[in-house]
Amino acid sequence: MTYEQFKERYNITLNKQQEEAVCTVDGPVLLLAVPGSGKTTVLVSRLGYMIYGKGIRPQQILTVTYTVAATRDMKERFISMFGEEYARQLEFRTINGISQKILQYFAECNHTTVYDVADKEAAELIKQTFHEVTGNFATESDLKDLQTGITYAKNMRLDLNEIQKMEEKIPNFREIFQKYNKELKKRHMIDYDDQIVYALRILEQYPQVLRYFQQKYTYICVDEAQDTSKIQHDMIALLASSANNLFMVGDEDQSIYGFRAAYPQVLSSFEKTHPGAAVLFMELNYRSGSEIVEAADRFIQKNKNRHKKNVRPTREEKGSVRKIPVKNRGNQYYYLAKVAEECDKETAVLYRNHESALPLIDILERRGIPYRIRNHDTTFFSHPVVRDICDFISLAQNPWDGEIFLKIYYKMGAGISKAQAMYAIDHHVGQGALLETLLEEADVSSYTRRQGKALLTHFQNLVHENAGKAIYRIIHFMGYGEYMDDRGMDSGKADILKMLGDQEENLSEFQNRLIQLQQIMSEGTMHRDGNLILSTIHASKGLEYDRVYLADMIDGVLPGVNQTKEPAAYEEERRLFYVGMTRAKNELYVFSFQNGENSPFVTELFSKKKVTSNPATELKAGMRIRHLKFGKGIVQKCEGNTARVEFADGSVRNLAMSVVLGNHMITVEKE
């Protein structure tokens, strides 16, 4: 069956770039698909063409997806387009799914059993190992950091020296990592990352197993290739190395999972790794208005480690990109609460970190305004900064509590030694402040005595203050701000905590509110019909919304790294902002802070654009034109990128010239 027959039979309608991707079946192919370009439709259409047009047996095709949900979605899309005849014979698998199949085959060949995969057991084992190594109990924040670190180390195939370097961010990581893996082996278990590690090891060490899978899958398609890790790419490359029919779909501009070991370098070096490979592009965006698309394209062009390509709009509607100036970060949340009150269409508030939603959730819950939240995360509440500030508050309320005092005495900037802290606890009587005992009887320096007296006054004042003022006092006058700075801790957590504290008149109510918010974040909301959606940018990837607000776009939050010191990480930060922009279909709003906190990305986005060549050189007032959809018309006026056209049916339309000319939607009629 020819492609023409195929598309007629199955009612396939694609543009030229999409058709080229569908028809290029043999050999290594990289398809770079910009946001909103219809990549899933193309991938599924290509599978159909391979089977019905090229006569390839469906059992020969392996399609690798990033998530289990994506495997289901792609299979359902195939059935909706081509029916169920071959759907069951096609294999849609995650990389873990194909890894498990390799492990199972190897076990059957050797009459052994596959190790059980640790799920909840892995988390418990990490907690246990953390306690054995550090003597402390792992918080939710500790656990998340360790799980992410373990995944990163295994997926990047790091050696022990490289793992040792990870201790700069995760203390004791190497020892915890090694003990955790040893304990897994003792229990005859593997974690999800080990599935891939052991499957690749089998393929590398047992040629007969590799040969079996190479012969089984002579065509391999990989979706969301920019999110795939180094070890996953190594496995895919090995499986595809015999037949060499590898089709990778992705976009390095949308690679935002570096912390999970995503390895977009494979895309940028694809031609070198696969000599003679076809590199195809899908650059037409069907999702967003032209103003949004053009702004996003200008923004992402600043990245260097990428294939040269442009996102081009197809929709005639311009859409809008607007800046919302507010005084400070806190005012942004009240603005969004007002938006939520009047929200009559699907609207997403996107942000970098989970805790950015907390002040808004706090206001919405107090006012009873419905909203939905896409992903729940409660690690904020167990973060060291949050725990420390809460400990300061608890000590103010219970100044004789030795357990709390031992947690924070060295974080007060008073030069208190552990021996002096223990002296105060051992000699303390009644319910007076431990600091008083320390200053009255311990042998302390004049500096410690002076600082200690000031701290006593601060602690006494804390209990009578609004919680926000109390937190400000802890950070700026009680030594904790300097402690955070010295250790490079995330002061953004303290800022969020203060904004929450501003809503509470006393410390007890504030502590209760934190518990309530933690429960809300843990359980999620019940407002399933709310038009307002709260989400991290990461969780919004692959989705689209009519209207998008980018919140908390603050220097130090996004970007969260220094361009000079970490250029590669900075490019990923730019990609994250770009992904947030391209979720918007019609309206994109970005907050700008008058107090100078602005992200450089926001400043850049709204800086005065250079005037380049006018895209309207082919259209002038008075021209008679024919539009593919609206028919004949006369150009009344051209201004900037907009042409005002009166059509034969009497309608008058404003057309984005870069769209209609760039996509050959208009021809000029001869006089």
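**Notebook: aromatic rings and charges over them**

I began with Arg46, which lies over the face of Phe247 at 3.6 Å from the ring centre. I then looked up Arg574, whose charged end sits over the ring of Phe299, 4.5 Å from its centre. I note here that the model is predicted.

Next I turned to ring pairs. Counting those with centres within 6.5 Å, I have 33 aromatic pairs. I looked up Tyr10 and Phe82, an edge-to-face pair with 5.0 Å centre to centre and 70° between the planes. Tyr10 lies in the loop between α1 (3-9) and α2 (16-23), while Phe82 is in helix α4 (residues 68-82), so this pair ties together parts that are 72 residues apart in sequence.

I checked burial for both rings. Tyr10 has 16% relative accessibility and therefore counts as buried. Phe82 is buried as well, with a relative accessible area of 7%.

I went on to Tyr335 and Phe591, which form an edge-to-face pair at 5.6 Å centre to centre, with 85° between the planes. I find Tyr335 in helix α16 (residues 329-341) and Phe591 in strand β16 (residues 584-593); the pair links distant parts of the chain, 256 residues apart. Tyr335 counts as partly exposed, at 36% relative accessibility, whereas Phe591 counts as buried, at 0%.

Key:
Residues are numbered from 1 along each chain as its sequence is written. This is a predicted model: local features need pLDDT of at least 70, side-chain atom pairs count only at pLDDT 80 or more; totals for chains, interfaces and linings use all residues. Side-chain values use heavy atoms; hydrogens and water are left out. Rings of Phe, Tyr and Trp (its six-membered ring) pair if their centres lie within 6.5 Å; planes under 30 degrees apart count as stacked, over 60 as edge-to-face and the rest as tilted. Helices (H or I, at least four residues) and strands (E, at least two) are DSSP runs, numbered from the N terminus. Buried means under 20% relative accessible area, exposed over 50%, partly exposed in between (1.4 Å probe, protein chains only). A charge sits over a ring if NZ of Lys or CZ of Arg is within 6 Å of the ring centre and within 35 degrees of the ring normal.
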